[in-house]
Amino acid sequence: MSESSTGGSQGKATFTRRRFIIGTVGVSAVAALGGTVVRAPRAAASSPPSGPPTTTLPLPTTTEPEQLLLTWGSDPAREVTVSWNAPGTVAQPAPTLAVSTKPITAGNPGWLIKLPDPKPLDVTQRYADAASVSFTDELNGQTTYFYHVQLTGLEPGTRYYYQVSDGAAAPSTAGASFETAPAGRAKFRFSSYGDLATPSWDLNTSGNIWHESCDNSWYAVTAIENPGDGRGAPLFHLLNGDLCYANLDVDNAPGVWRDFGNNVARSAANRPWMPALGNHECEFGTDTRSGQPGDAPGGIAAQGAAGNHWNGPYGFGHYLSRFLLPDNGLTNWDGNRLRGNFYSFGVGTVKFISLDADDVIYQDGAANYVIDTANTPPETTTTGAEIPNGTTNYTRFYTGGLTLDASGNSLVPDYASGQPNPQTIWLERTLADARRDWSVDMIVVFMHQVPMSTSTSGNGSDLAIRQAWLPLFDKYEVDLVLGSSCSGGAEKGLMLCQPSCRFRSSVALGLPVTEPQPCAASGWLSRRWLPLGSRTAASRTP
Ligand SMILES: [Fe+2]
């Protein structure tokens with residue numbers, strides 16, 4: 001076990017936007033070997049399975065900590081949240097976290113934080129600084145356990161060591177270290193991609209193949225720890241949605257998430273990984289869209305046909321259990337707090353904004369291709385839930401509506417409905433605050449679906465993002481927009497404003513924005529937006 005190098009270092013006051021963008025693209029372009037500071041579980045299987053399992057497979061009943069995960073708080077110079085999991089369906093007896101600026105040893109036990117007994121996920125409630133959360137997957141009945149400690153009052157630019165324990169009679173522990181963000185103007189590296197998926201059977205903890213398993217998922221995490229250019233790992237990573245595609249393995253979503261969590265922990269135990277929601281985080285279940293148990297006559301089997309086919313709030317039950325992200329302070333119309341669905345944080349002089357484009361896009365959740373054979377009966381899962389053939393999750397406007405502003409062919413919060421889209425209102429307020437703040441030089445937005453791409457055959461872009469959010473990105477001069485979700489002829493997702501021009505979309509120019517899939521090779525839009533590659537899922541490339 002060895003400590004990895006750090007990505008953050010103090011910079012000079014002459015730092016410019018141009019230099020920042022060049023440095024960022026460099027991080028995305030490199031590939032490398034890598035090490036890890038935490039246990040990296042490997043497959044127990046000795047030969048490949050024939051394909052994804054079609055029945056629910058058991059999860060472990062052991063409790064040793066795994067799936068370590070760091071995320072920033074709202075102020076990354078002083079706030080880091082440490083999260084971890086039990087391996088399967090048994091809660092840890094007495095979980096604890098120890099933290100210190102020196103390695104945790106028998107002689108230096110650190111500051112010890114004890115966690116409470118787990119409570120089922122309830123996003124109507126505020127989290128305590130230390131929280132244990134359980135979530136029961138509604139399609140296979142498995143309950144898994146998540147532990148979170150929100151550390152505050154940390155020192156900027158400082159390395160902290162931590163160790164988590166299950167608190168068993170013979171305790172099992174795991175740990176690593178992290179560095180807080182620098183305070184004020186400073187040089188740092190970050191990395192970004194999405195569509196990570198899970199490794200294939202030979203590199204998965206479980207030894208299973210899931211629907212989107214791909215060994216690039218393993219090597220992509222390795223590359224974050226060692227970019228291979230001799231400049232060290234990034235300070236943190238942005239994971240732009242479609243994390244593991246657990247929604248496609250309807251009988252084993254918790255098992256898919258576990259393999260994802262252990263793969264990512266090889267890096268996320270050492271540096272924050274900040275996610276955005278993608279369409280594949282929206283999972284089938286038996287709840288209403290707001291996450292309340294469906295009460296259609298006929299019990300569990302009848303809920304799907306009645307439209308109660310969501311796994312927790314908006315289908316995001318696993319995501320919201322696993323990640324305790326910066327709080328946007330908003331409560332939705334249905335009483336659910338929207339913490340973590342979209343959020344912002346600042347590192348150095350850069351404001352980062354994570355958006356949930358599921359709330360805006362015209363596209364659906366793309367979840368139906370597992371069960372889309374014509375004239376076939378519903379998919380019946382382990383719990384007896386029945387998902388009708390062809391069902392898809394559609395969460396557009398789950399926070400509130402947008403309406404067309406014909407003068408600019410743009411989408412704006414629908415105040416007349418009494419339920420205007422709060423994410424878009426929050427986005428404009430956050431952008432305006434950042435542009436008024438003299439300590440913010442740059443604004444970086446990351447999300448899953450992209451406003452445009454070079455794909456001509458897939459869901460590479462979404463008109464609604466261009467209508468609702470590009471005018472705001474233009475107005476407030478967002479410097480960089482990172483995405484991921486492209487399918488078809490091009491796997492592109494990172495969008496870079498060419499430094500020689502200002503951000504101006506057709507709205508700002510008084511022209512319509514109606515292209516369903518604008519192509520980077522033609523048209524005036526390509527002069528202002530430059531899609532670059534970032535998707536990781538592909539064939540094996542060590
Ligand atoms: Fe996607």
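**A walk through the strands, helices and core**

In this predicted model, strand S10 and strand S11 (residues 236-239) run parallel and are joined by 4 bridges. Within that pairing, Tyr 193 has Leu 239 of S11 as its bridge partner. The two strands belong to an open sheet of 3 strands, ordered S10-S11-S12, with parallel pairing. Strand S10 (190-193) and strand S12 (273-275) are the edge strands, and each pairs on one side only. From one strand to the next, the twist averages 20°. What holds such strands side by side? Strands of a sheet pair through backbone hydrogen bonds, in either a parallel or an antiparallel way.

Now step back to the whole protein. Its secondary structure comes to 9 helices and 22 strands. The protein has 542 residues, and 55% of them count as buried. Take the contacts with a separation of 6 or more: residues 24 or more positions apart account for 74% of them.

Look at one pair inside it. Strand S8 (residues 159-165) and S9 are antiparallel and share 7 bridges. Arg 159 stands opposite Glu 179 in S9.

Next comes strand S7. Strand S2 (residues 80-85) runs antiparallel to S7, and 6 bridges join the two. In this pair, Trp 84 stands opposite Tyr 147 of S7. Strand S6 (residues 130-136) also pairs with S7 in the antiparallel sense, over 7 bridges. There, Val 133 stands opposite Phe 146 of S7. S6 and S7 form a hairpin with 6 residues between the strands, and Gly 141 in it takes a positive phi near 80°.

Strand S17 (residues 402-405) and strand S18 (residues 410-413) pair in the antiparallel sense over 4 bridges. Between S17 and S18 sit 4 residues, and Asn 409 in the turn has a positive phi of about 45°. Thr 403 lies in S17 and stands opposite Val 412 in S18. Thr 403 has 15 C-beta neighbours inside 10 Å, so it counts as partly exposed. Its contacts, leaving aside neighbours within four places in sequence, are Leu 411, Val 412 and Asp 414. Thr 403 and Tyr 415 are 12 residues apart along the chain, and their C-alpha atoms are separated by 8.7 Å.

Most residues other than glycine have a negative phi. Gln 67 is not a glycine, yet its phi is positive, about 60°. Gln 67 is found in strand S1 (residues 66-72). With 28 C-beta neighbours inside 10 Å, Gln 67 counts as buried. Phe 397 also has a positive phi, near 70°. The place of Phe 397 is in the loop between strand S16 (386-387) and S17. Phe 397 has 17 other C-beta atoms within 10 Å, so it is partly exposed.

Turn to a helix. How many residues does helix H6 have? Helix H6 (residues 422-436) has 15 residues. From its first C-alpha to its last it reaches 21 Å, close to the 21 Å expected at 1.5 Å a residue. Its buried residues include Trp 426, Leu 427, Leu 431 and Ala 434. Pro 422, Gln 423, Thr 424 and Thr 430 of H6 are buried as well.

Finish in the core. In soluble globular proteins, nonpolar side chains tend to be buried together. Which residues touch the most other members of the largest nonpolar core? This core has 118 residues, and Leu 68, Cys 244, Val 444 and Val 445 are the ones that do. Helix H3 (residues 253-268) supplies the largest share of this core, 7 residues. Val 445 touches Ile 353, Leu 355, Phe 473, Val 478 and Val 481, not counting residues up to four places away in sequence.

Conventions. Residues are numbered from 1 along each chain as its sequence is written. Two strands pair if DSSP finds at least two bridges between them. The expected span of a helix is 1.5 Å times one less than its number of residues. A residue is buried if 20 or more other C-beta atoms lie within 10 Å of its own, exposed if 12 or fewer, and partly exposed in between; C-beta atoms are placed from the backbone. A nonpolar core is a set of buried Ala, Val, Leu, Ile, Met, Phe, Trp, Tyr and Cys residues joined through C-beta atoms within 7 Å. Two residues are in contact if their C-beta atoms, placed from the backbone, lie within 7 Å. Axes are lines fitted to C-alpha atoms, for helices over the stretch in contact, and angles run from 0 to 180 degrees between N-to-C directions.
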